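The stops below are meant to be selected one after another.

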Amino acid sequence: MPSKSSSMPSQRRRKLRLRYVAGLVANNGAYYPSVEEYYSSLESRFGYWLLLGNARHCALRAMEEKLYTRLDTKDGSVLDAGAGSGYVAMYMARKGLDVQAVDITPHHIVDARKNVHKHHLDDKVQVEYGNYHNLTYPDASFNGIYTMETFVHADDPLKVLQGFYRMLKPGGVLVLHEADFSRNSEVLQDVLRLSHCQNTLEEGGYERLLEEAGFTDYSLEDLTDEVLPMWRLFGIVGYVPYQMFRLLGIQHRFTNVIAGVEAYLNWGDGRYISVRAVKP
Ligand SMILES: C[S@@+](CC[C@H](N)C(=O)[O-])C[C@H]1O[C@@H](n2cnc3c(N)ncnc32)[C@H](O)[C@@H]1O
């Protein structure tokens with residue numbers, strides 16, 4: 001009698017084999033993954049390593065200089081909230097700033113410490129575990145605070161901003177560099193949920209929140225044109241795997257692939273912004 005697998009049509013067997021191989025690097029399939037789950041999946045680790053050389057933000061070097069300029073803090077200490085593997089923190093340190101870097105994902109902290117040490121910046125950058133919702137640094141600790149593509153992960157954005165306000169010195173500056181997607185499209189909703197990026201704000205949302213937290217001198221710059229080449233690259237590199245995963249019905253297990261392709265295809269629904277505000 002033929003075995004079950006030999007009676008299976010060969011196309012279905014091939015599909016199953018592909019699903020199995022794909023499953024080895026997929027995310028864990030959580031409907032609403034935590035930040036740590038999202039960044040710890042093999043897919044995330046591999047994708048960031050392959051496309052970004054482990055620098056965990058899509059806008060790369062030009063945005064670091066922009067962020068530094070917007071911070072306008074020539075010396076003193078700054079907080080990098082959500083530092084990833086520490087590249088932005090090291091950039092700021094080379095500009096002369098003392099950086100307190102925090103992150104919630106354990107393996108990013110390990111990477112950041114290694115990077116800081118490798119580049120001989122241990123006296124300029126401290127790396128600690130920390131959730132930016134609950135940081136306990138004393139009041140008025142920092143001249144500047146910034147986020148680079150991490151405030152989008154906030155579960156309680158107002159609480160985060162109130163904490164930043166408390167930890168800034170009077171006259172201190174907050175700069176947030178973030179992608180900002182509208183919630184029009186269903187597939188983008190999926191992408192935002194799967195990458196734990198629920199904190200995208202409607203038009204005017206940043207200004208209102210910052211005002212509520214006590215900040216003044218609000219300004220917003222739209223930097224979309226500067227990051228589009230990078231998004232285009234993600235869209236092109238991810239297109240074939242994305243179509244293949246869709247055929248297999250497992251695209252939701254490959255958050256970064258969907259995010260890369262759909263964010264590019266729906267870029268008209270999003271922008272990349274630099275938000276700046278001052279503690280009076
Ligand atoms: C896209 S990466 C950006 C990393 C870094 N800012 C950069 O530009 O290379 C987002 C980072 O934010 C961190 N993160 C997300 N939510 C956080 C939270 N509540 N507290 C601290 N870090 C957080 C993640 O662990 C991740 O390392």
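Predicted model: local features only at pLDDT ≥ 70, side-chain atom pairs only at ≥ 80, totals over all residues.

Residues are numbered from 1 along each chain as its sequence is written.

**Whole chain**

Colour by secondary structure: the chain has 12 helices and seven strands. Helices (H or I, at least four residues) and strands (E, at least two) are DSSP runs, numbered from the N terminus. Of the 280 residues, 43% are buried. Here a residue is buried if 20 or more other C-beta atoms lie within 10 Å of its own, exposed if 12 or fewer, and partly exposed in between, with C-beta atoms placed from the backbone. Among contacts between residues at least 6 apart in sequence, 75% join residues at least 24 apart; two residues are in contact if their C-beta atoms, placed from the backbone, lie within 7 Å.

**The sheet**

Select the seven strands. They form an open sheet with mixed pairing, in the order β3-β2-β1-β4-β5-β7-β6; two strands pair if DSSP finds at least two bridges between them. The edge strands, each pairing on one side only, are β3 and β6 (216-222). Neighbouring strands are turned by 15 degrees against each other on average, direction ignored.

Next, select β4 and β5 (residues 168-181), which run parallel and are joined by six bridges. Phenylalanine 142 stands opposite leucine 168 in β5.

Five bridges join β6 to the antiparallel strand β7 (residues 270-278), and glutamate 221 stands opposite serine 274 in β7. How many of the seven residues of β6 are buried? The number is zero, so β6 lies largely in the open.

**Two loop residues**

Select alanine 140, in the loop between β3 (125-129) and β4 (142-148). Its phi is near 50 degrees, a positive value in a residue other than glycine. Alanine 140 is partly exposed, with 13 other C-beta atoms within 10 Å.

Then select glutamate 149, in the loop between β4 and α8. Glutamate 149 is not a glycine either, yet has a positive phi of about 55 degrees. Is glutamate 149 buried or exposed? Glutamate 149 is buried, with 21 other C-beta atoms within 10 Å.

**Helix pair α8 and α10**

Show α8 (residues 157-167) with α10 (residues 205-213): their axes come within 9 Å and cross at roughly 50 degrees. Axes are lines fitted to C-alpha atoms, for helices over the stretch in contact, and angles run from 0 to 180 degrees between N-to-C directions. The two helices are therefore oblique to each other; angles under 35 degrees count as roughly parallel, over 145 as roughly antiparallel, 65 to 115 as roughly perpendicular and the rest as oblique. Pro157, Leu158, Leu161, Gln162 and Tyr165 of α8 make the contact with Leu209, Leu210, Glu212 and Ala213 of α10.

**Helix pair α9 and α12**

Finish with α9 (residues 186-194) and α12 (residues 255-265), whose axes come within 10 Å and cross at roughly 140 degrees. α9 and α12 are therefore oblique to each other. On α9, select Val187, Leu188, Val191 and Leu194; on α12, the contact residues are Thr255, Ile258, Ala259, Glu262 and Ala263.
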